[in-house]
Amino acid sequence: MQLIGNAAGQGEVLVDKIIRMPFPLRATAGRAAVVAVSAVAAGALAFGGAEAAASPFPVPPLTETAAAGTEGLEPLLALAYTMAEREAHAAGVPMWINSGYRSPAEQQAMWEDGLRTYGTPEEARRWVLPPEESTHVTGRAVDIAPRDGAAWLEANGNRWGLCRTFDNEWWHFELVTIPGTACPPRVPDAAHR
């Protein structure tokens, strides 16, 4: 329950510690917080009645299906995106996953195409990573379309822990913060991860 208070902004010590962590640790801590918040919120929906359902962390009923394109994603990312997509659609904003999980072979083909397109591995890494480094291959990233949907998610996604992570990719989002807290600063591109 203390984690919920921190995630809701009632106590900033834990949130501040997580935000100041280096990126990989911050992302892990953010995902752990999403587990706690989602579990408590889901329990509140299932057992707490209408009052609990008014939580600042809206969670769909457990019987509903995940959004299209979430196959292969980490379960927490799939849940967070599903909740965000439902809110976007309820607000009349079109939004969908253009690219989510990618197999190592798919990512390798994209990497090879990036090498041909950009000429050097250094330049290609700004736009595409090899399979062993891509968060798409591990199911921890989604690319959002159309641009209006991505803009909505950039403005609202932190409610579910979803943040745009690269300056040069308006479409790329990852689960990297505690729901309800600010997103960490973006890095210029994937090469800076």
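Student: Is the link of C163 and C183 left-handed or right-handed, and what angle about the S-S bond shows this?
Tutor: The link of C163 and C183 is left-handed, with an angle of -85° about the S-S bond. This is a predicted model, in which local features need pLDDT of at least 70, side-chain atom pairs count only at pLDDT 80 or more, and totals for chains, interfaces and linings use all residues. Residues are numbered from 1 along each chain as its sequence is written, and side-chain values use heavy atoms, with hydrogens and water left out.

Student: Why are C163 and C183 called a disulfide?
Tutor: A disulfide is a pair of cysteine sulfur atoms within 2.5 Å. The sulfur atoms of C163 and C183 are 2.1 Å apart, so the pair meets the definition. The structure holds 1 disulfide.

Student: Which parts does the pair tie together?
Tutor: C163 belongs to strand β3 (residues 162–164), whereas C183 is in the segment after β4 (172–175), so the pair joins parts 20 residues apart in sequence. Strands are DSSP runs of E with at least two residues, and helices are runs of H or I with at least four, numbered from the N terminus. The chain has 8 helices and 4 strands.

Student: Why is C163 called buried, and what is C183 counted as?
Tutor: Buried means under 20% relative accessible area, exposed over 50%, and partly exposed in between (1.4 Å probe, protein chains only). C163 has 1%, and is therefore buried; C183, at 31%, is therefore partly exposed. Of the 193 residues of the chain, 44% count as buried.
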